[in-house]
Amino acid sequence: MTASEFQRARSPEAKRLREAAILEAARALGREHGIRDVTLTDIAAAVGMHKSALLRYFETREEIFLRLTAEGWAEWSDALTARLRESADPGPAAVARAFAATLAARGPFCDLLAHAPLNLERNVSLDAVREFKLATLAAREPIGAAVRARLPVLDEQDVVDLVATAVSLAGALWQIANPGAEVAALYRGDPRLAHAVVEVEPRLARILTATLTGLVAGASEPRP
């Protein structure tokens, strides 16, 4: 869509198309450069708008990326629940592997997960935060149902803790695993820094397996 088309658009459908174009531009820039380095000016330029015009649709860059995070939650929820339902492998390790594989395959989403609590939720309106939290709640519900179908001893709080642990770790591990080309070369070039080289999926699967094993073992004990 050209700048003149943005200026002429007046209908609700045109507004929806503008917002979609802005979100898609931010998604592409975030994938290419990382969320941290994408500015509102970058996004505006990518869609052929002046920054002041873009602000008619989104109040801040954080609101744009928070919307993308909500979309990421919905897409990941669909992928994870499908994998859990299709898997014939029982037990905590299989559930942990499903979480790890579906998160590790979504690097841009992991990047967003790391930034959401640190800054994306902090420079937006309360309405935007409410909408985001409700979106994550809606995405978590089918995950909870799929997990408890595989591990029925778990209760709702167990699943809440599992999902919170998984997304927090995925966001942090992705950042550690993607430090930038020069720092990555430093880690790989110095044997003393080998511990800093992280592979997200196996590390996440191992930690989540231990977490789930503990939750399952503790499910038979009296709840506080």
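How many nonpolar, polar and charged residues does the lining of the largest pocket have, by class? The lining has 12 nonpolar, three polar and three charged residues. Here Ala, Val, Leu, Ile, Met, Phe, Trp, Tyr, Cys and Pro count as nonpolar, Asp, Glu, Lys and Arg as charged, and the others, Gly among them, as polar.

This is a predicted model, in which local features need pLDDT of at least 70, side-chain atom pairs count only at pLDDT 80 or more, and totals for chains, interfaces and linings use all residues. Residues are numbered from 1 along each chain as its sequence is written, and side-chain values use heavy atoms, with hydrogens and water left out.

**Figure 1. The protein chain as a whole.** The chain has 11 helices and zero strands; helices (H or I, at least four residues) and strands (E, at least two) are DSSP runs, numbered from the N terminus. Of its 224 residues, 42% count as buried, where buried means under 20% relative accessible area, exposed over 50%, and partly exposed in between (1.4 Å probe, protein chains only). The C-alpha atoms fill a box of roughly 65 × 45 × 35 Å, taken along the principal axes.

**Figure 2. Confidence and the start of the chain.** The mean pLDDT of the chain is 90, and 93% of the residues reach 70 or more; pLDDT is the predictor's confidence in each residue, from 0 to 100. Over residues 1–6 the pLDDT is below 50, and this stretch has nine contacts in the model beyond near neighbours in sequence. A contact means heavy atoms within 4.5 Å. Where pLDDT is low, the predicted coordinates should not be read in detail.

**Figure 3. The largest pocket.** The space in this pocket comes to about 360 Å³. On a 1 Å grid over the protein atoms alone, a pocket is an open set of points where a 1.4 Å probe fits, with protein on both sides within 12 Å along at least five of seven lines; lining residues have an atom within 4 Å of a point. Grid points are joined across faces, edges and corners, and a volume is the space filled by probe spheres set on the points. The lining of the largest pocket consists of 18 residues, and the closest to its centre are Trp 73, Leu 113, Lys 133, Val 167 and Ser 168. Helices H7 (107–120), H8 (126–150) and H9 (156–177) each give two or more residues to this lining. H9 gives the most, with seven residues.

**Figure 4. The second largest pocket.** This pocket has a volume of about 220 Å³. Its lining includes Arg 27, Arg 31, Glu 71, Glu 75 and Arg 106. By class, the lining divides into five nonpolar, two polar and five charged residues. H5 gives the most to this lining, with four residues.

**Figure 5. Glu 71 in helix H5.** Glu 71 is placed in helix H5 and is among the residues that line the second largest pocket. Glu 71 counts as partly exposed because its relative accessibility is 34%. Leaving aside neighbours within four places in sequence, Glu 71 is in contact with Leu 23 and Arg 27.

**Figure 6. Glu 62 in helix H5.** Glu 62 also lies in helix H5. Its relative accessibility is 12%, so Glu 62 counts as buried. Not counting residues up to four places away in sequence, Glu 62 touches Asn 119, Leu 120, Asn 123 and Val 124. Glu 62 and Leu 40 are 22 residues apart in sequence and 9.0 Å apart in space, C-alpha to C-alpha.
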